[in-house]
Amino acid sequence: MNSMHSNGEQDRSLHETLDKLGQSYAQLDRDEPPELLDMAILNSAHRAVEKKPQRLKFGWLHGLTTAAVFVLALTLIVHQRENQPAEDITIQFDKLERSRQAEPAKKQSAEDRSRQSLQAPKESAIERMDQPAPVAAGAPQTLEPAARGNVDTQAEEQLRAIIRMQQAGDERWKVELEAFIKSHPDYPLPDELKN
Amino acid sequence: MYAQLQVQNATEISSCLLGGLSRIRYAANMRELSDEVLMQRYARGDARAFDELYARHRAPLYRYFTRQVSDRATANDLYQGAWEKIIRARDRYRESASFSVWLYAIAHNHLVDHYRSSRLVQQVEMDDLSDHRPGPVEDVIDGEQNEHLLAGISALPEEQRTTLLLKLETGLKMEEIARVTGVSTETVKSRLRYAVGKLKRSLVE
C-alpha cells in the first residue's frame with residue numbers, strides 16, 4: 001500500500017518536474033527544417049501518390065498490335081521472296097521479246113539501206129515481182145540461227161527472182177546478180193546463174 | 001458582343017472565386033481532420049493531406065533529430081530519411097494506431113539504425129554526468145541560458161535523451177513513448193527520472 005502510494009507520488013513529482021522542464025525547453029530556440037528540405041520532402045510525397053497512366057489496362061492490346069505488325073511484316077517478306085524468281089523470268093522473257101521485236105526493225109533498216117544502194121530500175125523490177133529486197137551489202141554475216149534462216153530464205157527468193165528475170169530476158173538480172181554476190185559472197189549460186 | 005464578353009468574364013471570375021473558396025474550404029477542412037484521418041487520406045492518394053500532416057509535425061521531428069546528432073547535415077539527412085520511410089510505408093498505416101506514435105517509432109528506429117551504422121552510441125555512465133563533454137546540440141545553440149539545458153540534454157545517455165526528447169518535443173504519453181521505443185512504461189518512467197535528476201544536477205552546477 002505504501003509502495004503504491006510512494007509510486008503515485010513519484011509519478012506526480014516526475015510529471016511536475018517534466019512540466020517545468022517542458023516550459024524551459026519551450027523557450028529554447030525553435031529550430032525548423034530548411035525550406036529546401038521541406039520542398040524536397042513534399043515533392044517526394046506528391047510524386048509517390050501521383051496517378052500514373054494506366055498502361056496495364058490495355059497492355060495486352062499493345063502487345064497484340066506489336067505481334068500483328070511483326071507477323072504482317074514477316075508475311076510480306078516471305079511473299080516477296082516467293083515471287084522473286086517468277087519476276088526474274090518475266091523480266092528475262094520481256095528482254096527476249098524486245099530483242100525479237102528489235103530484229104525485224106534492224107532488218108527493215110538494212111533493207112532500206114540496200115534499196116537505196118540499188119538503182120531505181122532494180123527497185124522497180126523487184127517491186128514488180130513482189131519479192132523481198134536483197135540483203136544489203138553491209139548486212140551482218142554472223143547472225144543468230146533464226147535470223148540466218150530468214151536471211152537464207154530471202155536470199156533464195158532473191159535468187160529465184162533473178163532467175164525469173166533471166167528467163168524473162170530481162171538484162172538487168174546481171175546487175176541484180178552482182179549486187180547479190182556482193183551482199184552474199186559465200187552463198188552458193190544455182191547452176192543457172194553460175195555462167 | 002460586348003455583353004456576351006462581360007458575361008463570359010463574369011463567369012470566369014466567379015468560377016475562379018468559387019475555386020479559391022473551395023480550396024480555402026478544403027484547407028480548413030484539412031485542419032479539422034485528425035492526423036490519423038489525414039494519413040489515411042494520403043495513403044489513398046490525397047497529396048494535400050500529407051501537406052497538412054507535414055506542417056503539423058515538421059518542426060518537432062526536426063528538433064528530435066538536431067538535438068540527438070552532432071552535426072546539422074546528418075540531422076538533415078536523418079530527418080529527410082525518416083520522412084521518406086513514412087512516405088514509403090503509407091500503405092501499411094492503420095488508423096487504429098496513433099499517427100504520432102507511428103511517426104516517432106519510424107523516426108526512432110531510423111535514428112537507432114544510424115547509431116548502429118556509425119557506431120556513435122554514447123556509452124555514458126549513469127553517474128558520469130560531471131564528465132561533461134560538448135554535445136551535439138551545443139554546436140547550434142546560441143545563448144548561455146539555453147546552452148546549459150541543451151548541454152545537459154546532449155550529455156545524457158542516448159536512451160534517456162531519446163525518451164526525454166520524445167516527452168518534451170512531442171508531448172506523447174508514457175505509454176506511447178513506451179510503444180515508440182519498444183520498452184515498458186515503467187522503463188520509460190525510470191529513464192525519465194534518471195534524465196531529470198541528471199539535468200537538475202547539471203543545471204545546479
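Tutor: Helices are DSSP runs of H or I with at least four residues, strands are runs of E with at least two, and both are numbered from the N terminus. By that rule, S154(B) sits in helix α6 (residues 144-154) of chain B. The model is a predicted one, in which local features need pLDDT of at least 70 and side-chain atom pairs count only at pLDDT 80 or more, while totals for chains, interfaces and linings use all residues; side-chain values use heavy atoms, without hydrogens or water. Residues are numbered from 1 along each chain as its sequence is written, and chains are lettered from A, with ligands numbered from 1, in the order in which they are written.

S154(B) has a relative accessible area of 1%, so S154(B) counts as buried (buried is under 20%, exposed is over 50%, partly exposed lies in between, with a 1.4 Å probe and protein chains only). A polar atom of the S154(B) side chain lies 2.9 Å from the backbone oxygen of A151(B). That falls under polar contact, a pair of N or O atoms within 3.5 Å; within protein, one must be able to donate a hydrogen and the other to accept it, and residues adjacent in sequence count only if both atoms are side-chain atoms.

Now the chain around this residue. Chain B has nine helices and zero strands, and buried residues are 49% of its 205 residues. Of the contacts (heavy atoms within 4.5 Å) in chain B between residues at least 6 apart in sequence, 61% join residues at least 24 apart. R67(B) is in the loop between α3 (47-66) and α4 of chain B, E169(B) is in helix α7 (residues 158-170) of chain B, and 102 residues separate them. R67(B) and E169(B) are both buried.

Where pLDDT is low, the predicted coordinates should not be read in detail.

Chain B also meets chain A. The contact takes 39 residues from chain B and 28 residues from chain A. Together the two chains bury about 3,100 Å², 63% of it on carbon and sulfur atoms; buried area is the accessible area (1.4 Å probe) that two parts lose on being put together, summed over both. Y25(A), D31(A) and I41(A) supply 22% of the area that chain A buries against chain B, more than any other three residues.

Across this interface the rule finds five salt bridges and 14 residue pairs in polar contact, with both residues at pLDDT 80 or more. On the chain A side, α1 (2-26) and α2 of chain A each supply at least two of the residues that touch chain B. D31(A) forms a salt bridge with R72(B), with the closest N and O atoms 3.4 Å apart. Another salt bridge brings together R193(B) and D11(A), at 3.0 Å from N to O. R193(B) lies in helix α9 (residues 185-204) of chain B and D11(A) in helix α1 of chain A, so this pair joins two chains. R193(B) counts as partly exposed because its relative accessibility is 29%.

As for chain A itself, seven helices and zero strands make up its secondary structure, and 24% of its 195 residues are buried. Chain A averages a pLDDT of 74, and 61% of its residues score at least 70. Its highest mean, 93, belongs to helix α2 (residues 35-49) of chain A, and its lowest, 48, to helix α4 (residues 120-129) of chain A. For the model as a whole, ipTM is 0.72 and pTM is 0.53.

Definitions and conventions. pLDDT is the predictor's confidence in each residue, from 0 to 100. A salt bridge is a side-chain nitrogen of Lys or Arg within 4 Å of a carboxyl oxygen of Asp or Glu.
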